Amino acid sequence: MAIGENELVTTREFDVPRELVFRAWTTPELLARWWGPKGFTNTFHECDIRPGGTWTLTMHGPDGTDYPNHSVFVEVVAPERVVLDHLSGHEFRLTGTFEDLDGRTKVTFRQRFKLKEDFEQAKPYCVEANEQNLDRMGEVLAELAGS
C-alpha cells in the first residue's frame, strides 16, 4: 500500500493470466462476489460496464448497514484496465490496471479522491478495506483458475 497526494495505491500479484483478472472486473456476476471488504455482500441495481455506463449498487455491511453506491465507468480497455468515477459519498476515481507478468498478473488498484478532506476521512478504513477487496478478488480468481 502506498499513500500519495489524495491517493491510495494497492498492488497485488495473482498467479492467473490478466484476461482472467479483466473478466473478474467486467463480469457483473463475478464482480458482485468480490467487490468490497471482508464480510460485505452486494446487490447490483445496474452494472453497464462500458465507457459512460452506470453502476449502481448497494453494499451490505456485516452489521446490516446498507451503503448505496453510484459510479460511472470512464475507461474499459481489455485486458489492461478499468477506470470508474465513484460519485456517491466520497468522490474518487478508481483505476484498476492489469500488467502481464508472463502468465501472472500484477493488479494496481488506485483510488484518487477528489477532495483532500474526503481522502483524510476515508484513508483510515480504505487502506485495510482495499487490501480485503483484493483478498476477495484473489479467492474468486483462484476458483476461476481451478475450473
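1. Helix H3 (116-146) gives the most to the lining of the largest pocket, with six residues. Helices here are DSSP runs of H or I with at least four residues, and strands are runs of E with at least two, numbered from the N terminus. A pocket is an open set of points on a 1 Å grid over the protein atoms alone, where a 1.4 Å probe fits, with protein on both sides within 12 Å along at least five of seven lines; lining residues have an atom within 4 Å of a point.

2. The model is predicted: local features need pLDDT of at least 70 and side-chain atom pairs pLDDT 80 or more, while totals for chains, interfaces and linings use all residues. Residues are numbered from 1 along each chain, and side-chain values use heavy atoms, without hydrogens and water.

3. The space in the largest pocket is about 610 Å³, a volume filled by probe spheres set on grid points joined across faces, edges and corners. Among its 27 lining residues, Met59, Asn69, Phe92, Tyr125 and Cys126 are the closest to the centre.

4. Of the residues in the largest nonpolar core, 35 in number, those touching the most other members are Trp25, Trp34, Trp35, Trp55, Met137 and Leu141. Such a core joins buried Ala, Val, Leu, Ile, Met, Phe, Trp, Tyr and Cys residues through side-chain atoms within 4.5 Å; buried means under 20% relative accessible area, exposed over 50%, and partly exposed in between (1.4 Å probe, protein chains only). H3 supplies the largest share of this core, eight residues.

5. Glu99 lies in strand E7 and is partly exposed, at 42% relative accessible area.
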